[in-house]
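Here is a short briefing on one protein chain. Please look over the sequence and the structure before reading the notes.

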Amino acid sequence: ESPAHELEEIDLNHFIRQAIEDAFSYGASKNIQIQADLQACAGIKAQPNAIAVLARNLLDNAIRYTPAGGRVMVTTQQREQQVLLSISDSGPGIPEAEYLRVFDRFYRISGSQQSGSGLGLSIVKAIADRFGASIRLSRSSLGGLAVTIAFR
């Protein structure tokens with residue numbers, strides 16, 4: 001557990017753009033369109049390397065579960081005292097009954113054909129928890145899953 005004084009004021013958008021750049025060829029290999037709508041003011045207090053891991057995990061998950069030819073949308077916005085990061089995809093989504101379980105380590109949705117350790121969302125949740133951010137899962141406007149993280 002790292003002390004709060006190690007937190008830096010960082011620009012979330014910088015890390016989102018980097019994650020999109022890193023994930024671009026993975027997305028392109030599945031013909032997935034990654035779109036971003038990043039609002040100007042997205043300063044948060046966090047550790048840069050942890051936010052880089054969080055952004056990359058969310059993006060990789062969205063691409064992994066989105067069928068070829070699909071879409072992934074990444075947005076940031078300032079709302080009152082919060083900065084919201086939302087990643088939506090046009091994949092199959094997750095049944096609402098499983099929303100909480102997907103944060104468990106190694107949990108995989110039954111019938112999922114995707115490879116991976118099942119650690120993606122548990123890592124994201126651990127990082128969000130460390131910075132006092134909340135995570136909400138919902139049905140994406142693109143038809144799949146939307147993961148929204150609210151940083152205070």
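Strand β6 covers residues 134–139 and includes S134. The model is predicted.

**S134**
- S134 is partly exposed, because its relative accessibility of 32% falls between the 20% and 50% limits.
- Contacts of S134, leaving aside neighbours within four places in sequence, are T148, I149, A150 and R152.
- S134 and F151 are 17 residues apart along the chain, yet 6.9 Å separates their C-alpha atoms.

**T148**
- T148 sits in strand β7, which runs over residues 145–151.
- With a relative accessible area of 13%, T148 is under the 20% limit and therefore counts as buried.
- A polar contact of 3.1 Å links the side chains of T148 and S86.
- Beyond its neighbours within four places in sequence, T148 contacts L85, S86, S134, I135 and R136.

**Nonpolar core**
- The largest nonpolar core has 40 residues, and those touching the most other members are L12, I51, L58, L59, L85, I149 and F151.
- At least two residues of this core come from each of α1 (12–29), β3 (43–46), α2 (48–65), β4 (71–79), β5 (82–89), α3 (120–130) and β7.
- Helix α2 gives the largest share of this core, with eight residues.
- In soluble globular proteins, nonpolar side chains tend to be buried together.
- L12 touches A42, I44, I51, T76, V83, L85 and F151, when residues up to four places away in sequence are not counted.

**Helix α1**
- D11 caps the N-terminal end of α1, with a side-chain oxygen 3.1 Å from the backbone nitrogen of N13.
- The buried residues of α1 are L12, N13, F15, I16, A19, I20, A23 and G27.
- A kink of about 45 degrees in α1 is centred on A23, one of the buried residues of this helix.

Conventions. Residues numbered from 1 in each chain as written. Predicted model: local features only at pLDDT ≥ 70, side-chain atom pairs only at ≥ 80, totals over all residues. Heavy atoms only, no water. Helix = DSSP H or I, 4+ residues; strand = E, 2+ residues; numbered from the N terminus. Buried < 20%, exposed > 50% of the residue type's maximum accessible area, 1.4 Å probe, protein only. Polar contact = N/O pair within 3.5 Å; in protein donor to acceptor, adjacent residues only side chain to side chain. Contact = heavy atoms within 4.5 Å. Core = buried A, V, L, I, M, F, W, Y, C linked by side-chain atoms within 4.5 Å. Bend = angle between axes of the 7 residues up to and from the residue.
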